[in-house]
Every structure is written in structure tokens, then in C-alpha cells.
Amino acid sequence: MARIDHLKTEARALRAQNPHLTHSAALESVAQSHGYRDWNTASADAQRPLELGAPVAGHYLGHAFTGRLLDVQTLDASGRQRLTVQFDTPIDVVESQHFSAYRQRATATVEANGVSPARLGNGTAQMQIWRDPRRM
């Protein structure tokens, strides 16, 4: 998924914490933290659409996950997709301490940037997803 904005935001935050870093050094560091060899590789990979069976990572209902794409449907020319992800480890989608409800699979619509337009009550995206280069 195109997540250049997400990676650049991380680089700006890293640079704010470490003013001695140049912008390019921050971009390189962020790319490597996501498992890429360098920024150019991360940038090129972020522009490719996700494919069926691709290893992915992200956040679902505020929980980090890794998994594989079971279904990919392109919805329109803007790049919106409906994705079904099989999580490597089930996610407890209930916040209550009294019971749990684990999900091993989830379907969500995401924009071209890999972020779902659907929001949780606190305003965060229901799902954020990107290719996981560490498992390719």
C-alpha cells in the first residue's frame, strides 16, 4: 500500500526527538526499522498495491498484527480496496476485563494509503495496513 506519508511522518517525529539527524538519515532509519534495506527500497515498495497472499503488518482496532492477505478486492479507481487479513496471532477485540472475543480474520475497506476511513470512538482508524518486508 502507498504509505509514504506514514513513513515520512515517522521520520519527522524521529527528527524532532533527535535534532542532530538530517532528514535523509531519519528517512533511512525509519526504512530500516520497517525491515527495508534503505529509503529508496521502502519508497518503491510503498507504491506497489498489495497482492493476494502478501505478508502484511499493521494495526486493527488499535492492536498491532502481522498476517497474510486472504482476499483483495479493488473497489474503485481511487485505489480503495476491501481486504481480508488472516492474523498470525488472534486479536482480542473486546476491551472488557470480564470476557474476551478473539478474531483470527478481519475484513476492512482501506484507502490507497492503507488506512481505513472507518474510525474508532477515539478517532483512530479501524485498520492500518502495509506490506511486511521482514517476512518476504
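Predicted model: local features only at pLDDT ≥ 70, side-chain atom pairs only at ≥ 80, totals over all residues.

Tutor: Helix H1 passes helix H2 in a right-handed crossing. Two packed helices are described by the angle between their axes and the distance between the axes. Here H1 covers residues 4-17 and H2 covers residues 23-33; their axes come within 8 Å and cross at roughly 120°. That angle makes H1 oblique to H2. On the H1 side, the contact is made by Leu-7, Lys-8, Glu-10, Ala-11, Leu-14 and Arg-15. H2 contributes His-23, Ala-26, Leu-27, Ser-29, Val-30 and Ser-33. Sorted by type, the residues of this contact are 6 nonpolar, 3 polar and 3 charged.

Now the cores. The largest nonpolar core has 15 residues, and those with the most contacts inside it are Phe-65, Leu-69, Val-85 and Ile-129. At least two residues of this core come from each of the strands E1 (55-60), E2 (63-74), E3, E4 (102-110) and E5 (127-131). E3 gives the largest share, 4 residues. A second, separate core of 13 residues includes Ile-4, Ala-11, Val-30 and Ala-46. Of these, Ala-11 and Val-30 also take part in the contact of H1 with H2.

Back in strand E3 (residues 81-92) lies Leu-83. Leu-83 is buried, because its relative accessible area is 0%, and the cut-off for buried is under 20%. Leu-83 and Glu-28 are 55 residues apart in sequence and 29 Å apart in space, C-alpha to C-alpha.

Key: Residues numbered from 1 in each chain as written. Heavy atoms only, no water. Axes fitted to C-alpha atoms, helices over the stretch in contact; angles between N-to-C directions. Parallel < 35°, antiparallel > 145°, perpendicular 65-115°, else oblique. Left-handed = near helix turned anticlockwise from the far one by under 90°. Contact = heavy atoms within 4.5 Å. Nonpolar A, V, L, I, M, F, W, Y, C, P; charged D, E, K, R; others polar. Buried < 20%, exposed > 50% of the residue type's maximum accessible area, 1.4 Å probe, protein only. Core = buried A, V, L, I, M, F, W, Y, C linked by side-chain atoms within 4.5 Å.
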